[in-house]
Structures are given as structure tokens and as C-alpha cells.
Amino acid sequence: MHEISLVRNIFQTLEDEFPGKMDRIRGIYLRVGLLSNVQPILMQNAFNAVLEDEPQYRNTSLHMEILPVLIHCDECGKNSEVKFSKYVCGNCGRPSRNIIQGEELMISSVEFAEQTEYINNQ
Ligand SMILES: [Zn+2]
């Protein structure tokens, strides 16, 4: 199941990026293009499965923002959203395969729990 390795890669990337902070990770925010071959439900299932193997991350939740497919029209210069797999410009109606959004799978942000500072006033 390729989603499992995707989830593991995401955690690996974050471990490399935020060494020493991963014990406080609480949320991972992904941007998932509709053409990225990632099914959100399978991604969520894979995430849950990885958390069972990695109990240190059990307080972490996964959030996915689904990005629609956008094409750019070379004729009129407008961008439009692809609906019902119709790759035509919403402005002038000409066909375009110039995809500018929809193939990405990226981490948009990461949420960490606030570090609690204990100050002894006594
Ligand atoms: Zn156009």
C-alpha cells in the first residue's frame, strides 16, 4: 500500500526538519492535488496504521486540503478549474492541458504543542 510509505516519508521528512521537537508534534497539514494519485481516505487509514507502530506520535492528527485541478490557457491567459475532467478554458472555451495545480502532495504546515514553561515563584 503506497500510502503507508508516503506517511512514513512524511514523518521522516519532519524528523529531519525538526529534530528534538517531534515529541510535541500535534498536527500535520497536507495539500493534496486531485491528480496526485493520493486517496484521502486511504491516506488517513495509512496514517492511523503508522501511528499504531509509532506510539510517540499518537497525539498527532492529519489534515488534508484537497486542491482542485487548475489549467492555464495560453490563448487568453486565464486560469480555470477543471470540472468533470473537461480540460477547457472557462473563459474562452479553448482546450488546454497546461496543468498548473492539482498534481502536488506537500506538507503545508506542522503544528506543535506549546512548550510549557514551569516557573517557580516560591
Ligand atoms: Zn482561454
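What geometry does the site of the zinc ion have, given its 4 donor atoms? That site is tetrahedral, with angles of 104 to 118° among the donor atoms, where four donors count as tetrahedral if all angles lie between 85 and 135 degrees. For orientation, the ideal angle for four tetrahedral donors at a metal is 109.5 degrees.

Before I go further, let me say that this is a predicted model, in which local features need pLDDT of at least 70 and side-chain atom pairs count only at pLDDT 80 or more, whereas totals for chains, interfaces and linings use all residues. Residues are numbered from 1 along each chain as its sequence is written, and side-chain values use heavy atoms, with hydrogens and water left out.

Staying with the zinc ion, its protein donors are the SG atoms of Cys-73, Cys-76, Cys-89 and Cys-92, which lie 2.3 to 2.4 Å from the metal. Donors here are N, O and S atoms within 2.8 Å of the metal, or 3.2 Å for Na, K and Ca, and since water is not among the atoms, sites may look incomplete. Along the chain, the donors follow the spacing C-x2-C-x12-C-x2-C. Two of these cysteines can be set side by side: Cys-89 is buried, with a relative accessible area of 4%, while Cys-92 is partly exposed, with a relative accessible area of 34%. Buried means under 20% relative accessible area, exposed means over 50%, and partly exposed lies in between, using a 1.4 Å probe and protein chains only.

Now to the overall fold. The protein has 2 helices and 6 strands, and from the N terminus on, its elements run α-β-α-β-β-β-β-β. The radius of gyration is 20 Å, well over the 14 Å that the globule rule gives for 122 residues, so the protein is more spread out than a compact globule. That radius is taken over C-alpha atoms, and the rule is 2.2 Å times the number of residues to the power 0.38. Helices (H or I, at least four residues) and strands (E, at least two) are DSSP runs, numbered from the N terminus. Taken along the principal axes, the C-alpha atoms fill a box of roughly 70 × 40 × 20 Å. Buried residues make up 30% of the 122 residues. Among contacts between residues at least 6 apart in sequence, 69% join residues at least 24 apart, a contact being heavy atoms within 4.5 Å.

Let me turn to the aromatic rings, where the count comes to 3 aromatic pairs. Phe-11 and Phe-47 form a stacked pair, 5.8 Å centre to centre with 20° between the planes. Rings of Phe, Tyr and Trp (its six-membered ring) pair if their centres lie within 6.5 Å, and planes under 30 degrees apart count as stacked, over 60 as edge-to-face and the rest as tilted. Because Phe-11 lies in helix H1 (residues 2–17) and Phe-47 in helix H2 (residues 40–53), this pair ties together parts that are 36 residues apart in sequence. Phe-11 also stacks with Tyr-57, at 4.4 Å centre to centre and 10° between the planes. Tyr-57 sits in the loop between H2 and strand S2 (61–67), 46 residues from Phe-11. Phe-11 and Phe-47 are both buried, as is Tyr-57, and ring pairs link these residues, Phe-11, Phe-47 and Tyr-57, into a cluster.

Last, a proline. Pro-68 lies in the loop between S2 and strand S3 (70–72), and at 27% relative accessibility it counts as partly exposed. Leaving aside residues up to four places away in sequence, Pro-68 touches Leu-34, Glu-81, Gln-101 and Gly-102.

Definitions and conventions. Four donors count as tetrahedral if all angles lie between 85 and 135 degrees; four count as square planar and six as octahedral if opposite donors are over 155 degrees apart and all others between 65 and 115; anything else is irregular.
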